[in-house]
Amino acid sequence: MKTQRSILTGTLAAACSLALTAGVPAAAASGFLKPVEEAPSVRASGGCPGVWIDGGSVGGNRLPDPTYRDEGIYTTYAGPASNKNMASQVCRCARTHHRQLEDLQDRHRPLPLRLTPSHHPAPRARPQRMRRGASPCPRRAPRVSGMSEPTPHQLPEKAAQTTPENPWPLRTLSRKIDEYVERMSPLWVEGQLIEITRRPGARWVWMTLRDADADVSMRVMAPSGVVDKVQPELQQGARVVMQAKPRFYVKNGSLSLFCRHIRLVGVGELLARVERLRQQLQAEGVFDPGRKRALPFLPRRIGLVCGRASAAEKDVVENARRRWPGAQFVIHNTPVQGPQAVTGVIAALEELQRTPEVDVIVVARGGGSFEDLLPFSNEAMIRAVSACPVPVVSAIGHDVDRPLLDLVADVRASTPTDASKLVVPDEAEERRGIALGRERLRGALGHRLRTERQGLEATRARPVLADPTVMVTRPRQQLDEVRARARASLQRRLHAQTENVTATRGHLRALSPLGTLERGYSVVRTADGHVVTNRSEVEPDQILRVTVADGDFASRVLGAPEPDSQKETA
């Protein structure tokens with residue numbers, strides 16, 4: 001019975017292997033598994049086509065190569081996740097079908113597959129020593145014994161062509177990812193080393209490279225000889241530029257970098273980058289003085305971005321409360337150096353912007369080396385401060401330190417202590433100013449009262465105030481005098497104008513045609529009103545109208561006028 005159970009278990013393992021290798025329909029055709037039900041089509045996020053994969057469930061969300069454990073066989077629709085780690089895949093839809101061992105034992109029917117030793121799990125082999133210069137990451141996952149790769153006509157060529165009935169095995173997906181990564185060329189990449197793992201006598205050094213501005217990291221493997229060539233010795237937190245080749249580890253789906261060359265980023269190069277960034281931002285107008293805002297005289301609440309339990313926090317808070325005991329702070333502790341400084345400060349700025357009654361924000365940090373203060377010259381932080389609607393005070397390092405944050409901030413403080421003097425007034429000084437203002441106001445008011453009193457007494461001593469009616473009688477006399485002068489002037493002008501009119505009338509009468517008619521002249525007109533000026537203009541028996549001084553009358557032409565030609569001849 002024990003032998004039969006062993007044979008049956010091996011047969012079921014072979015069926016499982018067939019289902020994972022040739023697809024579930026082939027396994028169902030062999031009589032060991034029921035056909036997989038059709039799962040709903042789901043497309044992976046990010047716009048990439050999803051792929052149907054089949055494999056064994058070993059707990060969690062991993063889909064390893066097929067094994068011989070007594071696990072469920074399922075087909076899953078998966079697509080590349082938008083995670084930073086390419087090893088994790090998102091299982092979007094799963095339909096699980098468990099084998100039923102009891103049904104097969106009760107039927108006792110002949111097994112459809114011939115058992116071979118390859119169907120049984122092989123004993124674990126002892127790890128072999130790595131060859132000199134060989135990579136510890138295998139380029140391909142080892143194939144399981146007794147399982148052949150499906151023929152091309154059984155598997156779709158593209159991921160978009162996979163279906164629930166014809167999925168890709170997980171190893172096929174891993175192999176295609178590996179082929180895609182293998183085609184990538186070596187490249188130069190920059191970042192910050194946040195972890196260096198090196199065992200004594202080991203030929204390989206494992207490191208973690210992190211982006212200097214974002215929360216993105218990747219494992220790096222480098223030969224010990226490459227690491228030893230770097231001078232000075234690599235330390236955690238160092239900024240480096242390395243030449244590396246991306247590699248995909250098929251067995252667990254992880255992506256790493258194989259380093260070939262490492263260079264430390266020197267201070268001179270960092271200074272040149274900061275200078276180029278400064279020129280770029282200055283050309284964009286980010287440092288324009290017109291963009292800077294004045295600080296409030298007495299802020300309701302003060303936002304403070306600084307390191308946890310740092311001397312800068314102590315200096316700002318204690319000096320501010322020493323100057324103004326009622327000052328209220330909203331403190332956000334965040335890393336102020338290292339790879340998390342930029343994202344931490346930007347997140348703190350955004351949080352303080354949303355905090356009510358925060359009228360000013362102070363970004364403070366103590367002194368340090370150029371590399372320690374480099375995050376405060378980061379472009380992302382500079383643009384975040386430029387877009388901040390709340391006035392920002394930069395209090396980074398000492399007076400000699402000049403990160404780009406000092407140029408974009410609304411006010412620059414030489415030290416954190418100086419920042420406390422800028423954001424709040426000095427209570428003692430303000431009290432002295434109030435007392436001095438009161439004394440000056442009292443003196444000015446007394447002087448004004450004395451001056452007005454003297455002016456009032458001088459006014460009351462004038463003669464006009466002795467006889468109040470003078471204020472009325474004198475203007476009345478002046479009005480009468482003005483009226484008499486106006487009347488006399490008007491009469492003179494009327495007399496002169498009358499004489500002018502009389503003279504003008506005489507001239508007009510002398511020049512008028514009526515005056516000429518009164519002297520015996522007349523005007524002769526035809527019937528249509530035409531004035532006759534020549535005798536050739538009239539004809540015999542023509543009726544003419546003659547105008548004289550006292551009227552007009554009609555006349556008839558009796559004789560014919562003598563032609564001008566005859567008159568000239570005569």
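This is a short walk through one predicted protein model, from overall picture to single residues.

Let's start with confidence. The protein averages a pLDDT of 75. Of the residues, 71% score at least 70. One is residues 1-49, where the pLDDT is below 50. That stretch still has 104 contacts in the model beyond near neighbours in sequence. The other is residues 56-150, again with pLDDT below 50. Here the model has 194 contacts beyond near neighbours in sequence. How should we treat places like that? Where pLDDT is low, the predicted coordinates should not be read in detail.

Now the overall numbers. We have 570 residues, and 33% of them count as buried. There are 15 helices and 17 strands. The protein exposes about 35,900 Å², and carbon and sulfur atoms supply 53% of that area. Take the contacts with a separation of 6 or more. Residues 24 or more positions apart account for 63% of them.

Next, the inside. The largest nonpolar core has 34 residues. Which of them touch the most other members? They are Ile-361, Val-363, Phe-376, Ile-382 and Leu-405. H8 gives the largest share, six residues.

Ile-382 is then in contact with Leu-281, Val-286, Phe-287, Phe-376, Ser-377, Leu-404, Leu-405 and Val-408. There is also a second, separate core, with 19 residues. Among them are Ile-302, Ala-312, Val-317 and Ala-320.

Asp-406 sits in helix H10. Is Asp-406 buried or exposed? Asp-406 has a relative accessible area of 6%, and the cut-off for buried is under 20%, so Asp-406 is buried. Not counting residues up to four places away in sequence, Asp-406 touches Ser-394, Asp-401 and Arg-412.

On to charge pairs. Side chains of opposite charge can pair when their charged atoms come close. The count here is 17 salt bridges.

First up, Arg-273 and Glu-190. Their closest N and O atoms are 2.4 Å apart. Arg-273 is in helix H6 and Glu-190 is in strand S5 (residues 187-197). That pair links distant parts of the chain, 83 residues apart. Both ends are partly exposed: Arg-273 has a relative accessible area of 24%, and Glu-190 has 30%.

Next, Asp-359 and Arg-300. Their side chains meet in a salt bridge at 3.0 Å, N to O. Asp-359 lies in strand S12, and Arg-300 lies in the loop between H6 and S10, so this pair ties together parts 59 residues apart in sequence. Asp-359 counts as buried, at 19% relative accessibility.

Then Arg-545 and Asp-552. Their closest N and O atoms are 3.4 Å apart. Arg-545 is partly exposed at 41% relative accessibility. Asp-552 is partly exposed too, at 44%.

Now the backbone. Most residues other than glycine have a negative phi, and most peptide bonds are trans. Where does this model depart from that? Start with a cis peptide bond, between Gln-231 and Pro-232, with omega about 0°. Pro-232 is in the loop between helix H5 (224-228) and strand S8 (239-249).

Then two positive phi values. Ala-309 has a phi of about 55°. Ala-309 lies in the loop between strand S10 (301-306) and helix H7 (311-323). At 74% relative accessibility, Ala-309 counts as exposed. Asp-541 has a phi near 65°. Asp-541 is also in a loop, between strand S15 (523-525) and strand S16 (543-548). Asp-541 is partly exposed, at 49% relative accessibility.

Last stop, the surface. Val-464, Leu-465, Met-471 and Val-472 form a nonpolar patch there. Together they have about 340 Å² of accessible area. Val-472 belongs to helix H13 (residues 470-511). Val-472 is partly exposed, with a relative accessible area of 49%.

That's the tour.

Conventions: Residues are numbered from 1 along each chain as its sequence is written. This is a predicted model: local features need pLDDT of at least 70, side-chain atom pairs count only at pLDDT 80 or more; totals for chains, interfaces and linings use all residues. Side-chain values use heavy atoms; hydrogens and water are left out. Patches are made of residues with over 30% relative accessible area and no salt bridge: like charges are joined within 9 Å, nonpolar side chains (Val, Leu, Ile, Met, Phe, Trp, Tyr) within 5 Å. Accessible areas come from the Shrake-Rupley method with a 1.4 Å probe; for residues, only the protein chains shown count as cover. A salt bridge is a side-chain nitrogen of Lys or Arg within 4 Å of a carboxyl oxygen of Asp or Glu. Helices (H or I, at least four residues) and strands (E, at least two) are DSSP runs, numbered from the N terminus. Buried means under 20% relative accessible area, exposed over 50%, partly exposed in between (1.4 Å probe, protein chains only). A nonpolar core is a set of buried Ala, Val, Leu, Ile, Met, Phe, Trp, Tyr and Cys residues joined through side-chain atoms within 4.5 Å. Contact means heavy atoms within 4.5 Å. pLDDT is the predictor's confidence in each residue, from 0 to 100.
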